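Below are my entries, in the order I looked things up.

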Amino acid sequence: MKLIIVGGGASGLVAAIAAARTARKDTDVLLLEGGAKPGRKILSTGNGHCNMTNEKALPMAYYSDNTVVLDDLMARFSYRDVLDFFNELGIPSVSRDGYYYPKNREASSIRDALVSEVERLGVRVFNNTKIVKAEKNRDCFVLTAEDGHEYRGDRVILACGGMAYPKSGSDGSGYNLAMDLGHNIIQPLPGLVALTAEENWVKNFAGVRLDGTVTLQVDGIRRRSQQGEIQLTDYGISGIPVFQLSGDAVDALSQNKKTAILLNFWDNKTETDILFALKMRCKARPDWETGELLRGIVPNKCIATLLNLSKIELHVPCKTISVSSLTKLAKNLSQLTFTINGAKDFESAQITRGGVSLEDVDRNLQSKLTPGLYFAGEILNVDGPCGGYNLQWAWTSGHEAGLAAVK
Ligand SMILES: Cc1cc2nc3c(=O)[nH]c(=O)nc-3n(C[C@H](O)[C@H](O)[C@H](O)COP(=O)(O)OP(=O)(O)OC[C@H]3O[C@@H](n4cnc5c(N)ncnc54)[C@H](O)[C@@H]3O)c2cc1C
């Protein structure tokens, strides 16, 4: 039996290991990788530290179109199994509030351990082998590489990733292979990505970093909030809390829904509490200039714009501010509205939302449309938040697809 895995990223490498460890002796496992070496994206994960999993990487943390399949898979290869798996490869882990990293905090150790194990197990790795066409005839799958070479196999795992961060090799070509083999693709959208805003004043905030709370609002309804370091840019808003909301924001935009991010500058206080605090500050220091009213609370670079948006002059005494302007300022500090009109592109996105529907695969990630074809990793329509969740999905799906494909 010959198993061909297309794509040597996180999911493809683990699929190769799981398959080679459990396959019968006469099984030939091939790993075809488009790039010069497998696992290139792993090196960039967690800013080079590789946030390999998370103790909260449970099915409900993920977005997908079939939670039954997801529940089942995540129970079979959980974050604990991942930690054991890497420990056995000589990579102990360390937890930071439930976010796991290799103990030496070097992503290269994870990549190197996986590649060494693949080699030790005798998997035949073909680098610089980008597959551009896939067919299934009566006897086998035929995969055609860019140089025209054909690879034939009895079973195939597509582990080509999505479209995010294409310089690591995941350029969306895996979707074409899935389509060649009969699958529809749910529209791929960039996920864990910065958002662009309509307002011109965002430029005034460019370069500011602050601790704040962001809330996603869709068609006027507040969906979810995230807290942490927010980055304001000349095009809109970024930072991990924004990334966490970006999947739902991009989804809403794709359905032409009115999408906004509300930014709270002040410890997530309500508008009423902020108004009260501002009134107290004005009362205590009536001769302060208006600019001084926000000093120490919001970054200096934001003060003039926030006052301007609240119709408050910059260099006048606080005692001259009307109640209605102070109320406007309180509103802007508690929920400054960024009207979202798009997201940065796949080049800067960390993941892809969309891809091969989980409805079209069984509990072992085998295609319901083309028997013998399996999927693993980001090519599937599953995505999680920042923090080790997406690698966990790559390890889980790779492991389970690898085991099943050689049974
Ligand atoms: C900058 C960055 C940081 C991240 N940090 C984290 C983190 O810390 N923690 C976390 O959980 N997640 C993180 N992620 C997300 C995580 O890296 C991915 O979700 C995960 O790597 C997906 O694994 P995969 O195997 O499905 O795809 P990929 O890792 O994208 O691998 C796909 C592989 O397939 C190959 N390939 C593609 N098409 C073909 C073809 N036609 N023929 C042959 N080969 C092909 C590619 O060259 C590539 O090597 C990060 C992502 C990015 C971009």
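I began at the hairpin of strand 9 and strand 10, where 4 residues lie between the strands and glycine 148 takes a positive phi near 95 degrees. I am working with a predicted model, where local features need pLDDT of at least 70, side-chain atom pairs count only at pLDDT 80 or more, and totals for chains, interfaces and linings use all residues. Residues are numbered from 1 along each chain as its sequence is written.

My strands (E, at least two residues) and helices (H or I, at least four) are DSSP runs numbered from the N terminus. I call two strands paired if DSSP finds at least two bridges between them.

Next I followed the pairing around that hairpin. Strand 9 and strand 10 (residues 150–153) run antiparallel, joined by 4 bridges. I found phenylalanine 141 with glycine 153 of strand 10 as its bridge partner. On to strand 8 (residues 131–136): 5 bridges join it to strand 9 (residues 141–145), again antiparallel. Here isoleucine 131 stands opposite alanine 145.

I turned to the ligand. I counted a residue as near if its C-beta atom, placed from the backbone, lies within 6 Å. The ligand is surrounded by 39 residues, the closest being Gly7, Gly9, Gly161, Gly169 and Gly377. Helix 1 (10–22), helix 2 (40–44), helix 6 (173–180) and helix 12 (389–405) each supply at least two residues of this shell; helix 12 gives the largest share, 4 residues. By class I have 13 nonpolar, 21 polar and 5 charged residues, with Ala, Val, Leu, Ile, Met, Phe, Trp, Tyr, Cys and Pro as nonpolar, Asp, Glu, Lys and Arg as charged, and the others, Gly among them, as polar.

Last, the domains, whose bounds come from an automatic or database domain assignment. I wrote down domain 1 (2–190 + 352–405) and domain 2 (194–343). Their contact (C-beta atoms, placed from the backbone, within 7 Å) takes 8 residues from domain 1 and 8 residues from domain 2. On the domain 1 side, strand 12 (residues 185–191) contributes the largest share, 3 residues.

Key:
Two residues are in contact if their C-beta atoms, placed from the backbone, lie within 7 Å.
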